[in-house]
Amino acid sequence: MANISIIALLCFTICVSSSLNYSHGAAEEKMQYMVVGHVYCDTCRVEFETKLSEPISGAVVKLECRNRTDEAITFQSQEIVADNFGDYHIIVEGDYEESDCDVALVRSPRADCSDPTEAWRKSRVVLTTFDGLSGKLRFANNLGFKKDKALPQCTRILQEMGYYELSQESGELSHSSEL
């Protein structure tokens, strides 16, 4: 009976020791994340992607994390250039549990599509494992620049979607009164 008690105590000690080492070791170890996203040209000027939206090769984005309490910058990436498909990848080392991290549009190489879309000029990403997220890959919402003037075929596409009508004079979109 004494042997069973000693074995149980030994097993308990090993389990507690292992779990403490794991949790403290994970916090000290530099976590590495990969933030991935996409940059597009909002060819219909509606602040969301349509089937007419185009990827922007060479668009520049930047990741910045700020402390939630004092707004001090806790991480800032280099400027990252999107590939031929408008996709980008940002490698981040460290855990930013106390920070709000945003990927933001910096500039577009296209003169006809360089106005940052208000709704999609930045995207929040979570760079910590302490709030239940696991894994190293983080996805940012797609980011968009508005085209100077909406494409002519946008009227048809948006009407098919049931969203908007295009005002030909201004190149802007207004909410359809038929909805």
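This is a predicted model: local features need pLDDT of at least 70, side-chain atom pairs count only at pLDDT 80 or more; totals for chains, interfaces and linings use all residues.
**View 1. The whole protein.** Of the 179 residues, 35% are buried, where buried means under 20% relative accessible area, exposed over 50%, and partly exposed in between (1.4 Å probe, protein chains only). Take the contacts (heavy atoms within 4.5 Å) with a separation of 6 or more: 66% of them come from residues 24 or more positions apart.

**View 2. Strand E1 and its partners.** E1 is mostly covered, with 9 of its 11 residues buried. Strands pair if DSSP finds at least two bridges between them. E1 and E6 run antiparallel and share 7 bridges; look for Val36, whose bridge partner in E6 is His89. E10 (residues 137–139) runs parallel to E1, with 3 bridges, and there Met34 stands opposite Leu137. E11 (residues 143–146) is also parallel to E1, joined by 4 bridges, with Asp42 opposite Lys146. E2 is antiparallel to E1 with 2 bridges, and Cys41 is partnered by Glu54.

**View 3. The loop between E1 and E2.** This loop sits between E1 (32–42) and E2 (54–55) and holds Arg45. Phi of Arg45 is near 60 degrees, a positive value in a residue other than glycine. Glu47 is in the loop between E1 and E2 too, and its phi is positive as well, about 65 degrees, although Glu47 is not a glycine. Glu47 is partly exposed, at 24% relative accessible area.

**View 4. An aromatic pair.** The structure holds 1 aromatic pair. Phe75 and Tyr96 are tilted, 5.6 Å centre to centre and 55 degrees between the planes. (Rings of Phe, Tyr and Trp, using its six-membered ring, pair if their centres lie within 6.5 Å; planes under 30 degrees apart are stacked, over 60 edge-to-face, and the rest tilted.) Phe75 lies in strand E4 (residues 73–76) and Tyr96 in the loop between E6 (87–93) and E7 (99–107), so the pair ties together parts 21 residues apart in sequence. Phe75 counts as buried at 16% relative accessibility, and Tyr96 counts as buried at 13%.

Notes. Residues are numbered from 1 along each chain as its sequence is written. Side-chain values use heavy atoms; hydrogens and water are left out.
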